[in-house]
Amino acid sequence: MLEIIENNWLLFLIGQYPHGPVGGLAMTLFLAVVGLSLSFPVAIALALARLSSHRWLRGPATAVVYVVRGLPLIMFIFWTYFALPLLIGHTVGGVATLLFALVVYEASYLSEIIRAGIEGLPKGQTEAAKALGLGYFPTTFKVILPQVLHNMLPSLVSQFVSTIKETSLGYVISANEVTFAASQVNNQLMTQPFEVYGLLALTYFTLCFTLTSAARWLERRLAAERGALGIQPA
């Protein structure tokens, strides 16, 4: 395994760059960070629509969330891979396809986290904002969402961990992330698949375990903050 690392660490880390496209672990992290970041505003919109009193907003948002959450990500990636070029009129690379699929997929999951966070806040927050004369948008974006986003930081980190693992499915459409890099190394060596994919598993485990530990630390810190302020769950 040490020989594999010595000869291929750069391919695992950044792919073929600078002689080719960026890939490897750098592309995995890029896809996870950008995918989650772009999905966030979509998730907020879906969560607010799900909580709306207007059926013409609540119905479509609920349908989108249920349909996307009810599909395996791999199927959604395939649909995106074949349907997106038909919609926009030209071919789309594996990375762009995977990024689009991740944005839509993660937005559906994040929207439920945000919705639960909003519903978990004490009703007095909204009532106090209304008593001060604040309208819907100032109340939502200046009073409610800042508290929700603060409380959901551990869940965001956990979702980031899930997104990192989900990027490995980009291998099936040749998205040049770390699993694809591992397959390239395996194709070159041919005789050491256990070592190559064992190294890949160790990479995912180390990265995800570190982030999961950070999520647990954040959760304990937020619980301590709420306890110090005497805030009880709704």
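Me: What should I know before reading the numbers?
Reply: The model is predicted, so local features need pLDDT of at least 70 and side-chain atom pairs count only at pLDDT 80 or more, while totals for chains, interfaces and linings use all residues. Residues are numbered from 1 along each chain as its sequence is written, and side-chain values use heavy atoms, with hydrogens and water left out.

Me: How many aromatic pairs are there in the whole structure?
Reply: The search finds 6. Rings of Phe, Tyr and Trp (its six-membered ring) pair if their centres lie within 6.5 Å; planes under 30 degrees apart are stacked, over 60 edge-to-face, and the rest tilted.

Me: Why is the pair F137 and F141 stacked?
Reply: Their planes are at 10°, with the ring centres 6.2 Å apart.

Me: Where do F137 and F141 sit?
Reply: Both are in helix α7, residues 136–151, and being 4 residues apart they are separated by about one helical turn. Helices are DSSP runs (H or I, at least four residues), numbered from the N terminus.

Me: And is F137 buried or exposed?
Reply: Exposed, at 56% relative accessibility. F141 is partly exposed at 43%. Buried means under 20% relative accessible area, exposed over 50%, partly exposed in between (1.4 Å probe, protein chains only).

Me: Different topic. Which residues form one aromatic cluster?
Reply: F76, Y105 and Y109.

Me: What lies over the face of Y109?
Reply: R69, at 4.7 Å from the ring centre. A charge sits over a ring if NZ of Lys or CZ of Arg is within 6 Å of the ring centre and within 35 degrees of the ring normal.

Note on methods
Helix = DSSP H or I, 4+ residues; strand = E, 2+ residues; numbered from the N terminus.
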